[in-house]
Amino acid sequence: MTSSHILTGRYFMNGDHACAEGAIAAGCRFFGGYPITPSTEIAEHLSSRMPQIGGVYIQMEDEMGSMATVLGASAAGARAMTATSGPGFSLMMENIGLAAMMEIPCLVVNVQRGSPSTGLPTLPGQADVMQARWGSHGDYGVVAYAPWSPQEFFDLTVHSFNVADRYRIPVLLLADEVVGHMVERVEIPEADKIPHWGRKRPIGSKKEFKPFEAIDDDLVPPLAHAGEGYRLHFTGLTHDERGYPDMSADTHQVLVSRLVEKINRNPKDLIRTETFHLEGARIVVIAFGSTARSARRAVRVARERGLPVGFLRLISIWPFPEQLIRELAQDVDAFVMAEMNLGQMIREVERHVEQPVLGVNHAGGAMLAPEPILEAIEKVANNGSTSSR
Amino acid sequence: MVQPLLVEEHPLDGLIRADRMPHIWCPGCGIGIVMRCYAQAIINSGIDIEKHVVVSGIGCSGRVAGYMNIDSYHTTHGRGIPFAVGLKLANPELCVTVFSGDGDLAAIGGNHLIHAARRNIDITVICANNFNYGMTGGQMGPTTPYGALSTTSVYGCPEHPFNLVNLLAAAGANFVSRWTTIHVRQVIDDVLYAFNKPGFSFIEVLAPCPIGFGKSNDLEQGVDETLLYRERCVHEPDTALDKLGIDLREDQPIYVGRFVDREAPAYQPIRLEVEK
Ligand SMILES: Cc1ncc(C[n+]2csc(CCOP(=O)(O)OP(=O)(O)O)c2C)c(N)n1
Ligand code: SF4
Ligand SMILES: [Mg+2]
């Protein structure tokens, strides 16, 4: 990586530009995409930056093509990404599944807008979180992050590339319009402060190499690239360790289980959360993305009013931090889940706790304000269950 | 006792994945002939075998990626071309070929096909055109001739097919040719020519599909369609592009040859000088 391409310094920039600079800092040298609000600034910025740094910007004819070309570039060895919003994310689902099956690393950014369908192109939403988890057909592990600020959009772009390479997966970065268009301070670190986890690469005989053989405990096979002399075969069909199609239920079971298990087995690298005010909390508010900004505000005000409330911010939404939620559940009486959709992540929380979980929801189009979250906290607190135990 | 005759070696041995044989293709299927031509062109090319990459979409033709013993990617239906574009742009040293079917390339992948040709991306596309969706059992598709029977056009195909040569010429491809599985030498020559030709090259090869297309169109055996090619093919490369459509109803000619060979610059990503 050439450090001179990294614009170390302090800036005032929007989240989409921060994402684009994060990609360059991470060593991304291929962007294939199709413009869509509110992610377009990522494409625009990279169309001007890639030619300066020897990278490729290609504007594809649609999002099926974007996803496919990103996978081709990554298969040839490049760190590669695309960026889109809901309508394009739907079209990408096909080859997000192919990326999972071929185990080709890449980054897919979805700057969420109000949905479904064309929805609210210029306004925020958080209603694609379940699509991110289950959108492509079949079972496969998913890693998805949700930044709450332009700075975090930068940082998570770098981290997402690292996770994608390390685990041979497509990583989904689910920003929202608020974070994409918000302008805030962004600090781009020195090149040597930018974490870099490379791809696991094959060692040993090229002839013996099996591109889908997971020897290590992490269940991730080393990745060889086109043109390196391995005579690789990659297919979206169910395949054995050589990558050869094998239409048997046993091979399918082994392969698909590994695609799920390699994510489940490595929570430390993948799960990210942040907590505030958990001391003595009897109520925990959970939120992610731009909604977390309002939620933290609501929690602060509630604390000032003497309510025993704490805050959990999900940075990774997938994998869901179920272990942490279960631990929290040992000491609290209720949860409040705030999200800019009509109740998606709340189901994940409910799956892991016995306490009541109160949802604060909005279909999207405007940021959730602190007030309804505060009202929910007060409502739960006044139920009496929180006063003593 | 008769001793079995053992063939020790075949010139293409190293290029075919013997451990994947037997292949899935039906007796009389033309796809294998086209694959053989592609393999021969790789040998003749003198380009390092390790730099050849084949990408396929989905279909009987798409299975070629699984049988070639080179770096090979069997992608999703219709998406072989954009995948190949990514490979080529990320590593321009690769000699990238897309091998797929008429349905894969011209129906579900049709948008990618015309846009890759418009951009004149430096890849080679080999289209095995068998006038139908073979893999799914013989449905009509974008190249099914008007009036032809298929499992979804039991009263005769009511749509007009693409004239692929004209389509690709209009879209901007640098090189466009059409042959059939009886034109083995020409196919080898054109694939080889396309490897070395900058820009987008498209080689359409008509291939018998006795099971999907032939059985319902009085071409029960692979050889029947082969004979039809022999009777109907006309090598007139100067024929106007819009006259190159394929109509099997009457005794219409099937025009074959090299129809487009131009020198428009191939796509290049923009590179600026970096001040250090
Ligand atoms: C998205 C999607 N839709 C449909 C299919 C089913 N399908 C598999 S192959 C095929 C048609 C292939 O036709 P063609 O490209 O002409 O190849 P052939 O089998 O004739 O060689 C279809 C429709 C699929 N695999 N994926
Ligand atoms: S169905 Fe047609 S195209 Fe497919 S293998 Fe059989 S003959 Fe070939
Ligand atoms: Mg076909």
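This is a predicted model: local features need pLDDT of at least 70, side-chain atom pairs count only at pLDDT 80 or more; totals for chains, interfaces and linings use all residues.

Q: What order do the strands of the open sheet come in?
A: The order is β10(A)-β2(B)-β1(B)-β3(B)-β4(B)-β6(B)-β5(B)-β8(B)-β7(B), nine strands with mixed pairing.

Q: Which are the edge strands?
A: They are β10 (233–235) of chain A and β7 of chain B, each of which pairs on one side only.

Q: And the twist, how many degrees on average from one strand to the next?
A: It averages 20 degrees.

Q: Which helix packs on the sheet, and what does it touch?
A: Helix α1 (residues 31–45) of chain B packs there, touching β1, β3 (95–101), β4 (124–129) and β6 (201–206) of chain B. The direction of α1 makes about 175 degrees with that of β3(B).

Q: Take β1 and β2 of chain B. Parallel or antiparallel?
A: Parallel: strand β1 (residues 52–56) and strand β2 (residues 71–74) of chain B pair over four bridges. Within that pairing, B:V53 stands opposite B:D71 in β2(B).

Q: Now the other end. How does β5(B) pair with β8(B), parallel or antiparallel?
A: Strand β5 (residues 175–180) of chain B runs antiparallel to β8(B), and four bridges join them. One residue to look at is B:V176, whose bridge partner in β8(B) is B:V260.

Q: What about β7(B) against β8(B), parallel or antiparallel?
A: Strand β7 (residues 233–235) of chain B pairs with β8(B) in the parallel sense, over three bridges. There B:H235 has B:V256 as its bridge partner in β8(B).

Q: How many residues of β8(B) are buried?
A: Six of the eight residues in strand β8 (residues 254–261) of chain B are buried, so the strand is largely enclosed by the rest of the structure.

Q: Helices next. How many residues of α3(B) are buried?
A: Ten of the eleven residues in helix α3 (residues 80–90) of chain B are buried, so this helix is largely enclosed by the rest of the structure.

Q: Which ones?
A: The buried residues in α3(B) are B:G80, B:I81, B:P82, B:F83, B:A84, B:V85, B:G86, B:L87, B:K88 and B:L89.

Q: And B:L227, where does that sit?
A: B:L227 lies in helix α8 (residues 222–232) of chain B. B:L227 is partly exposed, with a relative accessible area of 41%. B:L227 and B:I182 are 45 residues apart in sequence, and their C-alpha atoms are 9.1 Å apart in space.

Q: Ligands. What coordinates the magnesium ion?
A: The magnesium ion (ligand 3) is coordinated by B:D102 through OD, B:N130 through OD1 and B:N132 through O, at 2.1 to 2.2 Å. The donor residues are spaced D-x27-N-x1-N in sequence.

Q: Is that asparagine pair, B:N130 and B:N132, buried or exposed?
A: B:N130 counts as buried because its relative accessibility is 6%, under the 20% cut-off. B:N132 counts as buried too, at 2%.

Q: Which residues surround ligand 2?
A: Ligand 2 is surrounded by B:W25, B:C26, B:C29, B:I31, B:C60, B:N130, B:G134, B:C209 and B:P210.

Q: Last topic, backbone. Where are the cis peptide bonds you have?
A: One runs from A:T37 to A:P38, with omega near 0 degrees. A:P38 is in the loop between β2 (28–33) and α2 (40–49) of chain A. Another runs from B:M21 to B:P22, with omega near 5 degrees, and B:P22 lies in the segment before α1 of chain B.

Q: Then which residues other than glycine have a positive phi?
A: Among them is A:E103, with a phi of about 55 degrees. A:E103 is in the loop between α4 (86–102) and β5 (106–114) of chain A, and is buried with a relative accessible area of 0%. A:R231 also has a positive phi, near 55 degrees. A:R231 is in the loop between β9 (183–188) and β10 of chain A, and is partly exposed, with a relative accessible area of 29%.

Key
Residues are numbered from 1 along each chain as its sequence is written. Chains are lettered from A and ligands numbered from 1 in the order in which they are written. Side-chain values use heavy atoms; hydrogens and water are left out. Buried means under 20% relative accessible area, exposed over 50%, partly exposed in between (1.4 Å probe, protein chains only). Helices (H or I, at least four residues) and strands (E, at least two) are DSSP runs, numbered from the N terminus. Two strands pair if DSSP finds at least two bridges between them. A residue is near a molecule or strand if one of its heavy atoms lies within 4 Å of it. Donors are N, O and S atoms within 2.8 Å of the metal (3.2 Å for Na, K and Ca); water is not among the atoms, so sites may look incomplete. Axes are lines fitted to C-alpha atoms, for helices over the stretch in contact, and angles run from 0 to 180 degrees between N-to-C directions. Contact means heavy atoms within 4.5 Å.
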